[in-house]
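Colleague: I am new to this one. Could you show me how to read it?

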Amino acid sequence: MKNPKIVVLGAGYGGLMTVKHLEKKLGSHQAEIILVNKNDYHYETTWLHEASAGTLGPDRVRYDISSVIDRNKVELIKAVALEVKTEENKVILDNGELDYDYLVIALGAEPETFGIKGLKEYALSITNVNAARKIREHIEYQFALYHSEAEKREERLTIVVGGAGFTGIEFLGELVNRIPKLCKEYDIDQKQVRIVCVEAAPMVLPGFDPELVQYATALLESKGVEFRIGTAIKEATPDGIIIGVGEDETEEIKASTVIWAAGVRGNSIIEASGFENMRGRVKVNLDLRAPGHDNVFIIGDCALIINEEANRPYPPTAQIAMQHGEVCAQNIANLVAGSTDLNTFVFDDKGSVCSLGESDAIGIVFGKKVKGKTASFMKKAVDNRALFMIGGPSLVFKKGKFKFF
Ligand code: FAD
Ligand code: NAD
């Protein structure tokens with residue numbers, strides 16, 4: 001009898017964890033495992049704010065997928081997945097198609113623009129290695145242009161960050177450390193640089209511990225960030241952004257750089273493939289299968305699971321995506337072994353840490369508040385742990401973060 005074919009789409013946190021656990025649980029005589037990814041490298045999505053601000057080189061945040069998978073057990077296909085045809089158990093790729101017995105969709109997130117005019121055209125988002133390179137280069141180019149203009153335009157050196165969620169704040173933490181170096185390199189008086197963070201909610205990091213938020217806000221303000229809180233971006237234009245002020249007034253902030261970090265939605269392939277979804281995320285069963293599809297697992301940022309205690313979805317994080325990967329691999333191994341007894345996903349929340357540049361951070365870890373250097377140490381330990389779980393000690397040695405103090 002032919003071995004079952006397991007196709008995993010996406011080599012991010014969820015996809016790679018699934019594959020690593022499948023490698024352990026299934027031999028090549030038991031199943032054919034195929035991993036499909038857009039690139040032949042994995043990137044640490046959780047480090048992309050560093051590559052975008054230019055505090056970490058793009059090569060530091062990525063590694064070859066082949067270096068962490070067992071090529072005797074897993075076939076790697078470099079391709080872009082375009083659509084899943086569930087009735088035919090088939091995936092359409094940009095360079096062909098693949099049939100499957102079991103499918104795992106782990107394709108991550110895309111920026112959520114909420115239909116706001118001009119964002120797709122005029123704003124940049126921290127989404128992958130190429131986007132990060134583009135942001136870094138774009139900012140540097142504005143600094144380079146500043147002196148060559150006959151009339152120096154202030155907005156050349158104005159950077160707007162839309163959204164003060166974790167992504168916006170982590171990016172700002174890196175940016176404020178990079179700006180003094182850029183100013184020195186391009187002979188610019190730092191007073192000419194303006195960094196504005198626009199947040200629609202009434203506070204920075206909505207829902208996070210107020211004392212820690214106060215610490216983060218004060219630190220970023222001391223390094224030059226202006227916060228516009230309770231203010232929504234209404235439109236992006238070639239000249240900057242339009243924000244809402246008061247009842248129905250608007251104000252323009254002229255800026256040559258607009259970074260949109262105001263939320264994510266699931267990969268567009270979810271909608272293209274006809275899965276019932278909310279903002280590109282499928283409300284999966286607790287065994288991580290898509291409702292009505294017994295051989296399709298959806299994990300990571302494409303999956304939506306309700307936190308019953310809080311009565312709202314768990315936020316899409318790498319921590320959850322990795323835990324999904326473990327449960328998903330176990331459930332597939334069970335199905336391959338002929339068992340219908342599947343494990344239920346239960347989130348083991350270890351907390352969250354938000355970096356504020358290389359040596360500062362805030363967080364709640366195992367229920368305890370941490371800030372400053374201790375939190376920054378924890379953040380690096382979390383980053384190294386993710387490397388360890390996928391590539392073992394050699395990957396930590398190659399890519400890990402060891403500058404603790
Ligand atoms: P990803 O890890 O994003 O992987 C998706 C993979 O699919 C990628 O390899 C991509 O190239 C590939 N892919 C996408 N589309 C296609 C396609 N059509 N065809 C083929 N391949 C495709 N979470 C935390 O828990 N802690 C943090 O500290 C943290 N920091 C973050 C910092 C930033 C700047 C950002 C943006 C996010 C952060 N997150 C953090 C959230 C976290 O990164 C995501 O929740 C996590 O990456 C989701 O994992 P995933 O496996 O679903 O997707
Ligand atoms: P988010 O949804 O967490 O935050 C987006 C922010 O943008 C919100 O505060 C929202 O009020 C604001 N916003 C929305 N529309 C706006 C508008 N029109 N104008 C101004 N502000 C607007 O999104 P994120 O920060 O990209 O995070 C995505 C996911 O990744 C989350 O689950 C987050 O927890 C996770 N993440 C975690 C870490 C970490 O643990 N260190 C780091 C980055 C991201």
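This is a predicted model: local features need pLDDT of at least 70, side-chain atom pairs count only at pLDDT 80 or more; totals for chains, interfaces and linings use all residues.

Colleague: How many residues surround ligand 2?

Modeller: A residue counts as near if one of its heavy atoms lies within 4 Å. Here 24 residues surround ligand 2, and the closest are Thr167, Glu199, Ile233, Pro316 and Val353. By class, the shell has 15 nonpolar, six polar and three charged residues.

Colleague: Which helix gives the most to that shell?

Modeller: Helices here are DSSP runs (H or I, at least four residues). α5 gives the most, with three residues.

Colleague: Which polar side-chain atom lies 2.5 Å from an oxygen atom of ligand 2?

Modeller: A polar contact is a pair of N or O atoms within 3.5 Å. That side-chain atom belongs to Glu199. Glu170 places a polar side-chain atom 3.1 Å from a nitrogen atom of ligand 2. Phe166 uses a backbone N or O atom, 3.2 Å from a ligand oxygen.

Colleague: And the core: which residues touch the most other members?

Modeller: In soluble globular proteins, nonpolar side chains tend to be buried together. A nonpolar core joins buried residues (under 20% relative accessible area, 1.4 Å probe, protein chains only) through side-chain atoms within 4.5 Å. The largest has 114 residues; Leu35, Phe143, Ile169 and Ile298 touch the most other members. Helix α8 (residues 318-336) gives the most to this core, with 10 residues.

Note on methods. Residues are numbered from 1 along each chain as its sequence is written. Chains are lettered from A and ligands numbered from 1 in the order in which they are written. Side-chain values use heavy atoms; hydrogens and water are left out. A polar contact is a pair of N or O atoms within 3.5 Å; within protein, one must be able to donate a hydrogen and the other to accept it, and residues adjacent in sequence count only if both atoms are side-chain atoms. Helices (H or I, at least four residues) and strands (E, at least two) are DSSP runs, numbered from the N terminus. Ala, Val, Leu, Ile, Met, Phe, Trp, Tyr, Cys and Pro count as nonpolar, Asp, Glu, Lys and Arg as charged, and the others, Gly among them, as polar. Buried means under 20% relative accessible area, exposed over 50%, partly exposed in between (1.4 Å probe, protein chains only).
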